[in-house]
Amino acid sequence: MSDPDPSRPATRTRPMAEEAAVVAAAARGDRSAFTQLMEHYQGACYGLAWRLLGDPDLAADATQDAFIHAYDHIGAYRGGVFRSWLLRITANASYDILRRSQRRPTTVLPEPEEGQADIADPRAVNPVAESARAELYRALDAALRQLPEDQRVAVVLCDVYGMDYQEVAESIQAPIGTVKSRIHRGRLRLRVLLADQRELFEG
Amino acid sequence: MSMITRAHPDPQRLAALAGGDPDALSDRELIAHLADCAACDGQVRDLKVLRTALAELPDLAPSRPLQLLPPVAEPRPAAGWRITFRRAFAPLAVAGMVLLLVGSVGATGALGPADAGAFFQRLQLAAPAAPAAMEAATGQPEETATDAGMAPNELASPEGSRAQIGAMATDTPRAAEATAAPAESVPEVTGESDTSRDGGLAMVEDRAGWILAAVAGMGLLALALVLRRSGSPIDRRLSGR
């Protein structure tokens, strides 16, 4: 595997312009501002929920729950990266659903269905590169879905969405040592699962 | 070709190092091993590339339209009632207390303790006579009016009543004479106490405004308490809970 091209455009939702002001307005009860925030970050939240739950409907439910929770608690938001705050709420909502449904997906989870494909990157100019990158993302998501649930949740929260050990531990209510072990084992297993697709990482 | 003199580390240590774990980064033995072991070093590099790719996984469009805002709760009429009640309680209670205080002081306090005691004593003595005065005011028991030495038509109106009371206050001998004669109409009241009774009635009339204020104050206090207690049940009833 080689390092991905750093010049590739990001496909993650970036912070809104004047986000701090919008968040402050939403915290004061401005429903329009809150709507703007949720509309902006719904893809991020849904993506996290889908990768944790592996089910489109459950992921939509979790995202919806997260929005309601965020609406109820945005008055208590005390700064920091708003996206991280919202993703933590989404992770908690997703994990609640995961525990309630007692899902133990050990087989490959379904591919994203039509209509929930990756959000198009407006800056994409090279169809070949974009196609290769899309293939890499599909391979990564497919490999993630083959991980045991505990490892998948830990890796998704830590490596995909950038939470630290403590945040992951709080989200899944597990000791930090357990979280570290799950993350490390998940990384090693992913490497094995993707071993025959090394060329995807060289694009 | 370098010689590897140490056993390979636990793969989880390599995964931790790839993730930037501070413990792994400070593990000199692990770092030294990687400098000598191309296999382990390659594994760490692969894991780093993997992490970089994972961190770039894109967001996904929701599978269905999401409701971005919780529905707005319909403003409950009960909320308005509750607020009204709560807001009305304090001023009503304060107004009631002020009226009660001012009325009480006006009726008794200004007289001083001794005079206040005398006032209440007179008021108590005058109490049995009050029904008779009321009857006289309404003009129903004709004999009472005649017993008081006045024509029935003279007492058949409020003016007549006030004239009677005024006469009692100013013309004490006449009133005493009038009330002493028909002993059967008010048998309990002696001729000696008639003067006190008449004086009490006069004082009641003189201080009617103060007494009315005190009574109004008590009424306002009672109303405030009723509003405060009834606010929540009404609210629950209106809201259907």
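Let's start in the middle. The largest nonpolar core has 68 residues, and Cys45(A), Ala49(A), Val155(A) and Leu157(A) touch the most other members. A nonpolar core here is a set of buried Ala, Val, Leu, Ile, Met, Phe, Trp, Tyr and Cys residues joined through C-beta atoms within 7 Å. Buried means that 20 or more other C-beta atoms lie within 10 Å of the residue's own; exposed means 12 or fewer, partly exposed is in between, and C-beta atoms are placed from the backbone. H2(A) gives the most to this core, with 12 residues.

A word on the source. This is a predicted model: local features need pLDDT of at least 70, side-chain atom pairs count only at pLDDT 80 or more, and totals for chains, interfaces and linings use all residues. Residues are numbered from 1 along each chain as its sequence is written, while chains are lettered from A and ligands numbered from 1 in the order in which they are written.

Back to Val155(A). Leaving out residues up to four places away in sequence, Val155(A) touches Leu144(A), Leu147(A), Val160(A), Ile183(A), Gly186(A), Arg187(A) and Leu190(A). Touching, or contact, means C-beta atoms, placed from the backbone, within 7 Å.

Now chain B. Chain B has 13 helices and zero strands. Helices (H or I, at least four residues) and strands (E, at least two) are DSSP runs, numbered from the N terminus. Of the 241 residues in chain B, 24% are buried.

How do the chains meet? 52 residues of chain A are in contact with 29 residues of chain B. H2 (31–53), H3 (56–73), H5 (127–146), H6 (149–160) and H8 of chain A each supply at least two residues of the side of chain A that touches chain B. H2(A) gives the most to that side, with 11 residues. That side divides into 25 nonpolar, 14 polar and 13 charged residues. Nonpolar means Ala, Val, Leu, Ile, Met, Phe, Trp, Tyr, Cys and Pro; charged means Asp, Glu, Lys and Arg; the others, Gly among them, are polar.

Last, one helix pair. H7 (residues 165–172) and H8 (residues 176–193) of chain A pack at an angle of about 105 degrees, with their axes 9 Å apart. That makes H7(A) roughly perpendicular to H8(A). Angles of 65 to 115 degrees count as roughly perpendicular, under 35 as roughly parallel, over 145 as roughly antiparallel and the rest as oblique. Axes are lines fitted to C-alpha atoms, for helices over the stretch in contact, and angles run from 0 to 180 degrees between N-to-C directions.

Definitions and conventions
Two residues are in contact if their C-beta atoms, placed from the backbone, lie within 7 Å.
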